[in-house]
Amino acid sequence: MKIVISGYVGKKITGIGRNLISLLNNATGGNSFVIYVNEDMAEDFTFTNQNVTVKTYKVSKNSSMGNLLWTTFVFPFVVLKEKADRALIPNFTLLLLKFKPTYVIMHDLIEYNIPNKFSRLKMFYRTKIANPMTAKRADKIITVSNNSKRDLMKFLEVKDEKITVIYNGVDQEKFRPISEKECNRIFQERKWSHNYILYVGTIDHPGKNAMSVIKSFEALKKNGDYEGSLILAGMPGAGYEVVEAYINESEYKNDIILPGFVTDEELVALYTCCDVFCFVSLYEGFGIPPLEALSCGAKVVVSNVSSLPEVVGDLGWSVDPYSIDEITNSIKTALETEKTDDYRNAVKEHLKKYDWSNLGKQFEKVLCE
């Protein structure tokens, strides 16, 4: 079977892109995959699976509108030209035209859960046009958590049998604890503190709720419960200026580090050496950072909403993301809790659900249905 994929995943390879690459690398059942990517993104798409062919199209990764138009109006004809058996769209889109069975990965419906996540125009477009039409016209929808499946059924009235849950995975070869020596080398290069609470994700407001992490950190400092720093690793997102203005007025602004985008090597070091990883997003379709943090041996505090309790299971502290007191107290408890062998073994067992080789097989099986 030949599957042709629209490979636009944004300006950088983040969670959605890594998820797609990992699924394709582990779809080793003999099917043929052709993925079309931006001409200025081709070097980021490398595959170990010899059944994956990368082709490019002449739209920059920086052109959101250009990519929307290409995926909506050109990609369906590319699928025809390639004589594909299936088409796959792994990112948010508007599905208007299709000439072959078209499968869509819908990671989340954050716009229905965070009313002010986007501008009014973008909210209208996503909730009233793109999402309903894509959900209706897709032959099959793949999503990444049972929470997202429930949202698809609730907000878009998609029938149960049309949705398949395939978790995001974690590369446990890459995301694993590294040595203190290696951490020290990276930290010395970046001039980072060695004692820190860590947040990883888009720095936005209110969606990822970075503000509550900052306020909880301030409370820990004021109470004398923590002497280290706070590292907020990630690119600016919507509402970043609100977060930035708050930090600039903070009594502890010199202890709050904003390194921006970090490499995978730096990310592994940050996960490995953090005192606590705190991710109290208001909504996540899946939530990859807490899983990566667990895989690197971190203690994690997450929100008790959306998919995050599902992803972390019993291995972390789940908190009300709107309660600064609850977040603060849970971080304090985590700081005081030692990691035992039983805990480490439980993490290993939990991570088996997110093994890419098994997820790749599930993915390929769904595409062939």
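Reader: Is H194 buried, partly exposed or exposed?
Author: In this predicted model, the relative accessible area of H194 is 43%. Buried means under 20% and exposed means over 50%. With a value in between, H194 is therefore partly exposed.

Reader: Where does H194 sit, and which residues does H194 touch?
Author: H194 belongs to the loop between α6 (180–190) and β8 (196–200). Setting aside residues up to four places away in sequence, the residues that H194 touches are N184, F187 and C273.

Reader: How many Å apart in space are H194 and S307?
Author: In sequence, H194 and S307 are 113 residues apart. From C-alpha to C-alpha, the distance between H194 and S307 is 31 Å.

Reader: Which residues is F277 in contact with, beyond its neighbours within four places in sequence?
Author: Some contacts of F277 fall in the stretch L198, Y199 and V200, and another is Y271.

Reader: What is the volume of the largest cavity?
Author: Searching the whole structure for cavities of 30 Å³ or more finds one. The volume of the largest cavity is about 50 Å³.

Reader: Which element gives the largest share of the lining of the largest cavity?
Author: The lining residues include F75, P76, V79, A87 and I89. By class, the lining has eight nonpolar, one polar and two charged residues. The largest share, three residues, comes from α2.

Reader: Why do the buried residues of α13 line one face of the helix?
Author: The buried residues in α13 (residues 341–351) are Y343, V347, H350 and L351. Seen down the helix axis, the buried residues of α13 line one face because they fall within an arc of 90 degrees.

Reader: What covers the buried residues of α13, and which residues are exposed on the other side?
Author: The cover over the buried residues includes α10 (288–295) and α11 (308–312). On the other side of α13, the exposed residues are D341, D342 and K348.

Notes:
Residues are numbered from 1 along each chain as its sequence is written. This is a predicted model: local features need pLDDT of at least 70, side-chain atom pairs count only at pLDDT 80 or more; totals for chains, interfaces and linings use all residues. Side-chain values use heavy atoms; hydrogens and water are left out. Contact means heavy atoms within 4.5 Å. On a 1 Å grid over the protein atoms alone, a cavity is a set of points where a 1.4 Å probe fits but cannot get out, and a pocket is an open set with protein on both sides within 12 Å along at least five of seven lines; lining residues have an atom within 4 Å of a point. Grid points are joined across faces, edges and corners, and a volume is the space filled by probe spheres set on the points. Helices (H or I, at least four residues) and strands (E, at least two) are DSSP runs, numbered from the N terminus. Ala, Val, Leu, Ile, Met, Phe, Trp, Tyr, Cys and Pro count as nonpolar, Asp, Glu, Lys and Arg as charged, and the others, Gly among them, as polar. Buried means under 20% relative accessible area, exposed over 50%, partly exposed in between (1.4 Å probe, protein chains only). The arc is that of the directions from the helix axis to the C-beta atoms.
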